[in-house]
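Please read these points with the sequence and the structure side by side, and look up each place as it is named.

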Amino acid sequence: NEVMVYDASLNPCCCKVLCTPNEDKDGITCIAQGTVSFDEDILELVFAGHKSGFITLFSGTSITMDDSTRAHKGAVISISMSPVDPHLLSLGTDSYANIWLLKIYYGQLSLIQLKSVDLDNVNLISAVALTWNTLCIAFKSSIIKMYSLNFRPKKKEGQSVKLSSLTAHEHSPTEDHTAAILSLLAFPDCPFFYSHAADNKIKLWG
């Protein structure tokens, strides 16, 4: 539940800051780092996901985030930032993957929910990633699936959709990994994803 900040300019690096929650429910379960453009500046942001289901701005330059955002009804399992858009992806124990728009107004950062995807059973999923308008999901069965998303829902912002209702990008089952997927990473310059698995292979998906 703690976060340690290391000084990488030293060799060996050493811990400079230890962040400990006041209560167990405020414990940090995951962190994500990324950049967002604001007033012609590139801001480095670090977000934290909590046991309580909230997302907070852990570190940010020149901006603040007054209110933490209740992202999930259960704990936040993972968060990640899109490498090309001001979007944040969160995964929770409530079996939802939520996509958030990062909006900055007069130095105040807000998270606006764009889409909520009902995954039905989060226990079947090992990792998620987002880039452009594509959601990539790595399943514990060693299968990779990519889904096209529409960030302009017809009904309202933050609309919830079932995963089964999304269009999946087809590929041959022989292209999937043959062992557990260990990590999933969005490619920064185009809608591609890297996956790394226990079969000692790294694969590029797009």
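This is a predicted model: local features need pLDDT of at least 70, side-chain atom pairs count only at pLDDT 80 or more; totals for chains, interfaces and linings use all residues.

1. On the surface, Leu185, Tyr194, Ile202 and Leu204 form a nonpolar patch with about 410 Å² of accessible area together. A patch is made of residues with over 30% relative accessible area and no salt bridge, where like charges are joined within 9 Å and nonpolar side chains (Val, Leu, Ile, Met, Phe, Trp, Tyr) within 5 Å; a salt bridge is a side-chain nitrogen of Lys or Arg within 4 Å of a carboxyl oxygen of Asp or Glu. The areas come from the Shrake-Rupley method with a 1.4 Å probe, and for residues only the protein chains shown count as cover.

2. Residues are numbered from 1 along each chain as its sequence is written, and side-chain values use heavy atoms, with hydrogens and water left out.

3. An open sheet is formed by 5 strands in the order 7-8-9-10-14, with mixed pairing; strands (E, at least two residues) are DSSP runs numbered from the N terminus, and two of them pair if DSSP finds at least two bridges between them. At the edges are strand 7 (76-81) and strand 14 (159-162), each of which pairs on one side only.

4. Which strand does strand 14 pair with in the parallel sense? The partner is strand 10 (residues 108-118), and the two are joined over 4 bridges; in one of these strands, strand 14, glutamine 159 is the bridge partner of lysine 115.

5. Serine 95, in the loop between strand 8 (87-92) and strand 9 (96-105), has a positive phi of about 70°, and serine 95 is buried, with a relative accessible area of 10%. Tryptophan 132, in the loop between strand 11 (125-131) and strand 12 (134-139), has a positive phi near 55°, and tryptophan 132 counts as partly exposed at 39% relative accessibility.

6. Finally, the peptide bond from asparagine 11 to proline 12 is cis, with omega near 5°, and proline 12 is found in the loop between strand 1 (3-7) and strand 2 (14-19).

Technical notes:
Buried means under 20% relative accessible area, exposed over 50%, partly exposed in between (1.4 Å probe, protein chains only).
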